[in-house]
Amino acid sequence: MSVRKTGSGSNSLTEPNDLKVPYEEGLVEAGPGVATIGDSAWVVDHHAERALCRKFDYRLLPVLAIMYLFNALDKGNLGNAKTDHMDTDLHFKSNQYNIILSVFYVPYVLGAPPIAMLGKKFGPAIVLPILMACFGSFTLLTVAATNFAGMLVLRLFLGLSESAFFPLVIYYLTTFYRRGELARRLAIFYAASNIANAFSGLLAFGVFHIKNTHLYAWKYLFLIEGSLTFLFAIFAFLYLPANASSAKFLNDEEKKLAYHRIQVDSSSVVNEAFNLKDSLKIFKQPTTYAFLAIEICLGVPLQSVSLFLPQIIARLKYSTVKTNLYTVAPNISGAVMLLILAFTSDYTRRRGPFIVLGFTFTFIGMIIFASIDVVHEIHVAYFATFMMCWGTSAPSVLLSTWYNNNVPHEGRRVVLTSIGVPLANLMGLVSSNIFTPQSAPKYIPALATTAAFGATGALLAGLLSLFMVYDNKRRDRKLGRKLDMREIPTELLRDGPSVPEFRWFL
């Protein structure tokens, strides 16, 4: 029986060339030298897939995006609070503000792998809302902090509760969407982070006008954000489906179709039980360390912009209120650029080149801001902050998508994501210690260091892309013909690159 091709990859956020090659039941002859499989479900209907994806888009993405918006708000609101003299009000000394920024990342990194594994075992739909309720509570408790020690403890628990949130969301989405559909969905979800930074600036702009109250104005920031986070966590716990098979908004035929899509174009075994020993085999693959090195290079620009954009813009000599207001436009433009690059990445089925482009934006933005007279060239300097935001969001989403696309084994995918994402965030330790009070307000060493990490990230991502292109061609030569990765269902690719039919998602 020959393979029958059909346009099964399209959906409500579609790309016209994303054609899949489903396999019919029975023995399938996929071409000379290619392994076959006998239990591969039916040929997928183009219109049915579109309708199914539209349901996922409308039912899942808005809720997950709002959850991540609150996650980003609760993690990144210290920068806004500092512009309203939080450090002075809590009697911080010397570099204690940098310490409370740094200490967040210790439990954030150490807690992510075990919590993500628990998320795989008990299901992201249960664990994600629980994590959200926890970090909402700790944000709310910040209102009660009166000194450095209180803030330090709260930041420790906040880091632990937020640690596995993003990795679990990525894994959760891979159980609903094909590989070629994932980047733009993650981009829509991740854009909430940029919107959160913009919203935080707007909220701070309004809150800092509050006068003559028993609380410091910046405490209202934590009060409002923490309360809304906790309330939405309750809703999410009741709303999110455990998986496509248990989704109440799907009928039986749609559930079967959803299972088939993930079996042939995402996971080697759908909803596979977590096995730690088997999952740790991801570290036997050399490309794992290349991905992690790129995450490290990404982390410094990402955290520098997230944590210190208000301080960078403060150099433009605006008032406290205007400084927070002027963080809005760069963050919004970052979200727009993220969506443009992610949609283009899915359309072209390429990840590496767009990651390189993102790193390049950051590098150029940092170099411009560090090298010009900011006060006298204020418009150029402000444009540079836009480039900083363009170059941090897109690589984060596309890099996570890139290695998830290349790991069909669900357990290994969770382990790699739970290490990679926190590792990038761990670089907040670098960011929070290079933006020192001694280098304020110009922060030249910090800007130069951040630019260097951006340039290194672009180089590594480019080299990894070239390796994947070369290795795919080597495998094709060995096979004797060019093999499109869409010809092979992911259920055949459990062991990744060690399987002859494996092809890298570039």
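Helices here are DSSP runs of H or I with at least four residues, strands are runs of E with at least two, and both are numbered from the N terminus. By that rule, Thr320 sits in helix α15. Before we go on, note that this is a predicted model, where local features need pLDDT of at least 70, side-chain atom pairs count only at pLDDT 80 or more, and totals for chains, interfaces and linings use all residues. Residues are numbered from 1 along each chain as its sequence is written, and side-chain values use heavy atoms, with hydrogens and water left out.

Let's stay with Thr320 for a moment. Thr320 has a relative accessible area of 31%, so it is partly exposed (buried means under 20% relative accessible area, exposed means over 50%, and partly exposed is in between, using a 1.4 Å probe and protein chains only). Leaving aside residues up to four places away in sequence, Thr320 touches Thr83 and Asp84, where contact means heavy atoms within 4.5 Å. Between the C-alpha atoms of Thr320 and Ala384 there are 20 Å, and the two residues are 64 apart along the chain.

Now look at Tyr318, in the loop between α14 and α15 (320-325). Tyr318 counts as partly exposed because its relative accessibility is 26%. Again not counting residues up to four places away in sequence, Tyr318 touches Ile313, Thr323, Tyr326 and Ile378.

Next come the helix pairs. Two packed helices are described by the angle between their axes and the distance between the axes. The axes are lines fitted to C-alpha atoms, for helices over the stretch in contact, and the angles run from 0 to 180 degrees between N-to-C directions. Take α6 (residues 105-122) and α19 (residues 410-426): their axes come within 9 Å and cross at roughly 165°. That makes α6 roughly antiparallel to α19 (under 35 degrees is roughly parallel, over 145 roughly antiparallel, 65 to 115 roughly perpendicular, and the rest oblique). Where do α6 and α19 meet? On the α6 side the residues include Tyr105, Tyr108 and Val109, and on the α19 side they include Glu410, Gly411 and Val414. Sorted by class, this contact of α6 with α19 has 12 nonpolar, three polar and two charged residues. Here Ala, Val, Leu, Ile, Met, Phe, Trp, Tyr, Cys and Pro count as nonpolar, Asp, Glu, Lys and Arg as charged, and the others, Gly among them, as polar.

A second pair is α2 (residues 61-76) with α7 (residues 124-141), whose axes come within 10 Å and cross at roughly 35°. In this contact, Met67, Phe70, Asn71 and Asp74 of α2 meet α7 residues including Leu128 and Pro129.

Finally, the rings. How many aromatic pairs does a search of the whole structure find? There are 30, counting rings of Phe, Tyr and Trp (its six-membered ring) with centres within 6.5 Å; planes under 30 degrees apart are stacked, over 60 edge-to-face, and the rest tilted. Phe291 and Tyr403 have ring centres 5.5 Å apart and planes at 65°, so they are edge-to-face. This pair links distant parts of the chain, with Phe291 in α14 (residues 286-314) and Tyr403 in α18 (residues 378-405), 112 residues apart. Both Phe291 and Tyr403 are buried. Tyr382 and Phe386 are also edge-to-face, at 5.1 Å centre to centre and 90° between the planes. Both of these lie in α18, four residues apart, about one turn of the helix.
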